[in-house]
Structures are given as structure tokens and as C-alpha cells.
Amino acid sequence: MPEQLVFAMEVFLNGLMAGVLYALVALGFVLIYKASGIFNYAQGVMALFSALTLVGIMEGQVPFAHLINAIFGTEIHHFGWHVPALLAILFTMAVMVGLAWVVNKLIFRHLVNQEPIILFMATIGLAYFLEGFGDIMWGADIKKLDVGLPQGINTWIDESTFNIFDYGFFIDNLDIVATVVAALLVTALVIFAQYTKQGRAMRAVADDHQAALSVGISLNFIWVMVWSVAGFVALVAGIMWGTKSGVQFSLSLIALKALPVLMLGGFTSIPGAIVGGLIIGVGEKLFEFAIGPLVGGATENWFAYVLALIFLVFRPQGLFGEKIIERV
Amino acid sequence: MLDASEGYTTEDGRKIGGVVMEMKNITLRFGGVVAIQDISFDIREGEIRAIIGPNGAGKSSMLNVISGFYNPQEGEVWYKGAKRPPMKPYEVARQGIARTFQNIALFEGMSVLDNVMTGRIRQMKAGMLAQAIWKGKAEREEVENREVVEKIIDFLEIQHIRKTPVGRLPYGLKKRVELARALAAEPSILLLDEPMAGMNVEEKEDMSRFVLDVNDEFGTTIALIEHDMGVVMDLSDRVVVMDYGKKIGDGTPDEVRNNQAVIDAYLGVAHD
């Protein structure tokens, strides 16, 4: 088999894996958008915030340590204990549910029946607030996150591909875990949305508030639930990205990569978020591999956006989005 | 007049029961505008009760008070023999009061079947996990709910569109789907906000038939708002007439038809 083709195959596989991580973030967007019609700009920051909180709890960091020290002249930074990963994840989830409740209580309850653009602006505000809040609470330094997920080259794939092609593929174990987790997450979300009463209620609320009320659905309950689920998805994405590249504030920028993913997949489709993520992941890796050397590289920075732009022109609803029909 | 607390029998032989809901001296204001002024009436079990009046008379406001979308400043709502505290609309719905809307409020993105299934939310009790893995109680519940829903879909003759997304349906059918969703809740009171509004003659006849059949078949108590006098007089057992937020008449269609205040309100009267 020609060497170039084997390389391309490896690039393709790595692209798929990267795509899964994009899809994880995009999922959070789709979920809130489907359930409440809000485009949640803060989804990326929520992933960052959950990862920060998780590290903080695991390491026994004192929240607001800098603030406390500055005010009282103390020198406290750590409680001096370590929390096991699983327990810390549970605590972090509790924090995200709390956050969902507060966000609903303080912001979105008061914006019922407002234009989508106003809700969108509110989430931008939320994003900036949460970023600053995370900074004050846990500090701005880059942190290492290790919840015990396997990392490094998968030797089995390396060896077996070496036997076949005379060239071992480099596939990160973490990417494989991320793929499995994403598959489980999507399955769970689809089952939840399609087959449970709460899922049906969630879709109902997204569609029509008045009608939902008239069949006995509590809007507040559903909204808190939706933001909690989005918080959960953010936590999963935060764990994956945090483990891969450290918990740092540039994590919130991965939210930007989710935008082209959503334009490709459609804002309202869960499978769309997955497929969109994979296409962007594979597309940008292969493009870099094939065209990159000709134009001086760094195509990964813009490829996704150009692809999204092309989609906007020819298929604005995305691959799986609901068709936009205007009745005149 | 009808004052027997134990109900009465209609001309066509239907048994009407005791009072299930009573509005006592309801006053509803929006700022300085008085939408409803000191209105009292009751709804009896098994009857078709109409609220009529010219545009802007406060009919829809009254329906919104019953369904909890508005809370009146003064007056009491009694439901099933107990005074009802101020409630949110979803709490009222869970007590068994279902409604439709004048401008149709359906879940446009969902299929007809899913729309009608949302009406069953009150009857679904299984835990979230049990529903997700489709086990035991949850499965039985889902099957039972589906049976009720299919029966209603059959009854309202919308089988052929069960899987169609509601957004694609024409107006008349949407109205029928909305009625189906409200019925699915097996409500003790069904509130219909202008069920015939915007319909042609044929659709109106269909809808009238369904309203009568629903009442006949399931014994559902129905309170409806309508400004088409002809339809109301044919359908209802008793009629409340409103004008400018006040009650100007209450009684059987015949009594109301011969009420001078009602005639004035509808035909206009010369004021000196």
C-alpha cells in the first residue's frame, strides 16, 4: 500500500477522534437550543468552569483563596485533602445543577417571551461573568486534570497496524475513551428526549410555552433540568478537553469551534452535532495533510469556518436541521 | 330557574350533576382597565356551559381565570367543593382542567401522536430511569396511555395524520388535534376557547358534532367560549352572557335568547 495512503488513513482516524471532542461541545449547544430556543454562548465557558471546579475539588483548593487572602491578609490555598475523582465528579455535578438553578432564577425566568436575540445576549453576559467568576474562585493558572482516564499511544492499534502496513498508527487512548463516552452520552440523551415524560415535556416547552403550561408542565422545572443537563454535558466535555490539554482559560475558545460544527449539523439535531463534529474533525485534518504544505500550513485555524460559510450559502439549515419553511 | 343542588335532566335525557366549579364575584383588572367585573356563575358536572358575548366582553379573560393564566384581584374560585388558592397554570392543569386556545397552541415540531401524548403527562407517574429503560410499571403505563390516546385519535377521526408533524396541518385539523390533546388528559373540565373561530361552515359543523359527541360519550364537562350565537345556542345546556366585563344574562339558551339586555348587547340599542 502506498505510504501516502497509509498516512492519510492515520490522519483520517485522528480527525475522527478530534471530531468527537468538537461534537461533545456542540451537543451542549444543541441540547439547550432544542429545549429552550436559547443559543447558549456560555456553553464553552461552562465546560471550562466545570473542569476548573472539578480540579479545585479534587486538589482540595480553597475557593476564592486569592480574594480571601487579599482581604484578610491570610495565606490559605489548600484544605490539605484530596478528593477521589468519582466523588469529585459528583460534587462538581451538584455545583452545575446549582448553577443551573441560579442561572434560571436570576436570568432566564425574567426573560420569558423575549426575542431570541435578547436571550442570546444574556448568555454572552453569562459567559463573561462565569469566566471571571471561575478565575476569582479557582485562580487563573493552568491546571493538570487527571481523573484516571487512560492516556498516551494505544499500543494494540500501533502494533496491529504495524503488522499490516509496516507503519504503526498513533491513536491516543484518551481519544478512544472520548469516543466511547460521546456514544454513550448521545444514546442516553436520545433515549431521555424521546422516551421519558421529562424528555417529552422538554421538547414541548421548547415548542410552545403556553401549550406546555396548559397540559401541566412546569416551565421552571424543565428549564432548570435543561440547564442541568447542559451542565452535565459541559462537565463531560470539560473532563475530556481538560485531560487532553490541561485546564486553561483558552478552553472556553473551543466553543467557537462548535459554531461551524453546528452550522454543518444543524442547530436542532443531536445526530447532526455528532456528524458535524466528525466532518469538521476529519475535514480539517485531511485538508491540512493534503493542502496544508502547499499554502504554508495552519489551515486548521480557518478550514472549519470556511466550510461553515459554504454551508450557510447553500444549505443554511445544516445537514440535519429542520427545513426552514416560510409561509407567505 | 335551576337551583336544585343535585342537578337536573336535560330535554334529551342526559343527567347533569352537581356544581363542579363555581366562580364567586370575580373581578379582574389590568391596571385601570376592568376586564371582568364582579361576575359569579357555576359549572355543573356533565353539562356544556357556554360563555358568550360581543368582542372585548371579557370572555377570554374569564377562561384564563378558570385555567389559572390570570389570577383575579377579587373573588373566589371554588373547584370540587374547595376554595382554590391562586395557582400557576400548570398546577391548574394537573388538577384536571384542560384547555384549548383561541390561536391554537400546539407543539408544531412534534407529530400529532406526540402532541396528544403530552396531554397524558398528568397520568404518567413512573420514574425517569424506569421510563428510559422501559421496564415494568413504566411499560404498562406507556401502553395504557397509548391505548387512551389511540381511542381519542380514532374518536376525533385523525388516524390518517397520526405521524404527521403538526406544523404541516391545515387550520381545521390543528384545532381538532388541540381538542384531542386536551381530551387526552381525561379532564374533569374541558375549556374551549373559541373552538369554531376562523372555520368555514363545514368545519364548524364537524367541530360542533365533536363537542357534542365528546360530552355524550365521555361525559366530559365542557365550558366553551364562542361569539357565534347560532352555534352556541344549539350546543349548550346553559349560557352566561357577558358584555363590557359584566354578566348580563345566565340561563338556558331559550331564556337567554329572550333576555332584553342580551338582545340589546348584540343588536345595539339607542342610548338617550
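Two strands count as paired here if DSSP finds at least two bridges between them. With that in hand, let's look at chain B of this predicted model, beginning with one facing pair: B:Thr27 stands opposite B:Glu74 in β6(B).

That pair belongs to strands β3 (residues 19–30) and β6 (residues 74–79) of chain B, which are joined in the antiparallel sense by five bridges. Further along, B:Glu22 faces B:Trp78 of β6(B). β3(B) also has β4(B) as an antiparallel partner, this time with eight bridges, and there B:Val19 sits opposite B:Arg44. The two strands make a hairpin with two residues between them, and B:Gly31 in the turn has a positive phi of about 60°.

Zoom out and you get an open, antiparallel sheet of four strands in chain B, ordered β4-β3-β6-β7. Its edges are β4 (33–44) and β7 (82–83) of chain B, each pairing on one side only.

Now for the other sheet. This open one has six strands of chain B in the order β8-β9-β10-β5-β11-β12, and its pairing is mixed. β8 (97–99) and β12 (246–251) of chain B each have a single partner strand, so one side of each lacks a neighbour in the sheet. From one strand to the next, the twist averages 20°. Inside this sheet, β5 (residues 48–52) and β10 (residues 221–226) of chain B run parallel, joined by five bridges. B:Ile48 is placed opposite B:Ile222 of β10(B).

Here are the strand pairs side by side:

| Strand pair | Direction | Bridges |
|---|---|---|
| β3(B) and β6(B) | antiparallel | five bridges |
| β3(B) and β4(B) | antiparallel | eight bridges |
| β5(B) and β10(B) | parallel | five bridges |

How values were computed. Residues numbered from 1 in each chain as written. Chains lettered and ligands numbered in written order. Predicted model: local features only at pLDDT ≥ 70, side-chain atom pairs only at ≥ 80, totals over all residues. Axes fitted to C-alpha atoms, helices over the stretch in contact; angles between N-to-C directions.
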